[in-house]
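Please walk through the helix and the aromatic residues of the structure shown here.

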Amino acid sequence: MASDELARKLQSRLVVTQEAAGPGPGPGPEPETAHSPQRARPQEPDAASGESASELSAKLNRRLDINQGNAAPRPTRVFNPYTEFKEFSRKQIKDMEAMFKRYDTGKDGFIDLMELKLMMEKLGAPQTHLGLKNMIKEVDEDFDGKLSFREFLLIFRRAAAGELQEESGLMALARLSEINVSTEGVMGAKDFFEAKMKVASQGSKFEAEIREEKEERKRQEVEKKQRQAAFKQLQSTFCS
């Protein structure tokens with residue numbers, strides 16, 4: 001397993017680091033006499049080596065705990081896209097989320113390099129292996145080599161802010177994405193991003209969208225009940 005191989009590598013590095021730091025404390029040196037040759041005093045172990053050994057030991061222990069299922073889960077920050085990415089409407093974020101999930105074929109909450117490769121091919125903008133790695137690297141805040149949903153949204157934020165190069169893979173992704181922008185009354189991607197920067201009163205708009213979603217759900221419930229009532233009436237007619 002990859003985790004076992006990583007544990008062995010960490011263990012090997014720890015042993016090498018400890019050997020480089022020098023042996024542990026032993027019996028004291030023999031007292032020097034006038035006729036005994038002067039011995040060179042061993043150098044003190046480097047403090048950095050000790051710190052490195054401690055760090056490696058901590059990583060090794062953490063990896064062993066994970067393998068054995070004894071590792072305590074590390075606290076994770078709660079991510080709310082609607083409050084953090086206020087420049088986008090709820091519908092646009094939902095469309096982005098749908099696109100993200102469509103290409104997250106592993107269903108692990110991330111888009112890895114191969115899934116990004118498939119996405120760019122489907123969008124008609126295939127990238128080289130190095131190009132895909134650079135795309136991830138540009139927004140990979142936690143350096144895990146894959147895209148979380150938050151990092152996926154960062155692509156669109158940076159595109160809207162004009163922070164992406166015109167010919168970059170991320171700009172191609174933002175422009176060729178299937179996000180429905182018709183509600184903004186614009187056609188081109190450039191106008192789409194410019195319109196987003198000019199959206200005002202995001203708080204009231206956010207609340208209006210929530211009300212609209214609730215009303216839509218109520219209408220669907222009413223229609224469902226009406227269909228059920230009509231079916232029961234039809235059923236009773238045949239049975240009578």
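How many residues does helix α7 have, and how far does it reach from its first C-alpha to its last? In this predicted model, helix α7 covers residues 149-160, which gives 12 residues and a reach of 17 Å, close to the 16 Å expected at 1.5 Å a residue. The helix is mostly covered, with 10 of its 12 residues buried. Among the buried residues are F149, F152, L153, F156 and A160. After α7 comes G162, which has a positive phi near 75 degrees.

The aromatic pairs come next. There are 6 aromatic pairs by count. One of them joins F79 and F85, edge-to-face, at 6.2 Å centre to centre and with 90 degrees between the planes. F79 counts as partly exposed because its relative accessibility is 27%, whereas F85 is buried at 0%. The pair of F152 and F156 has ring centres 5.4 Å apart and planes at 70 degrees, so this pair is edge-to-face as well.

Both F152 and F156 belong to helix α7, where they lie 4 residues apart, about one turn of the helix. An α-helix has 3.6 residues a turn, so residues three or four places apart point the same way. F152 counts as buried because its relative accessibility is 0%, and F156 counts as buried at 1%. The two residues belong to one aromatic cluster formed by F79, F85, F88, F100, F149, F152 and F156.

Charged side chains also lie over rings. R90 sits over the face of Y82, 4.5 Å from the ring centre. K146 lies over the face of F110, with 4.4 Å to the ring centre.

Conventions:
Residues are numbered from 1 along each chain as its sequence is written. This is a predicted model: local features need pLDDT of at least 70, side-chain atom pairs count only at pLDDT 80 or more; totals for chains, interfaces and linings use all residues. Side-chain values use heavy atoms; hydrogens and water are left out. Helices (H or I, at least four residues) and strands (E, at least two) are DSSP runs, numbered from the N terminus. The expected span of a helix is 1.5 Å times one less than its number of residues. Buried means under 20% relative accessible area, exposed over 50%, partly exposed in between (1.4 Å probe, protein chains only). Rings of Phe, Tyr and Trp (its six-membered ring) pair if their centres lie within 6.5 Å; planes under 30 degrees apart count as stacked, over 60 as edge-to-face and the rest as tilted. A charge sits over a ring if NZ of Lys or CZ of Arg is within 6 Å of the ring centre and within 35 degrees of the ring normal.
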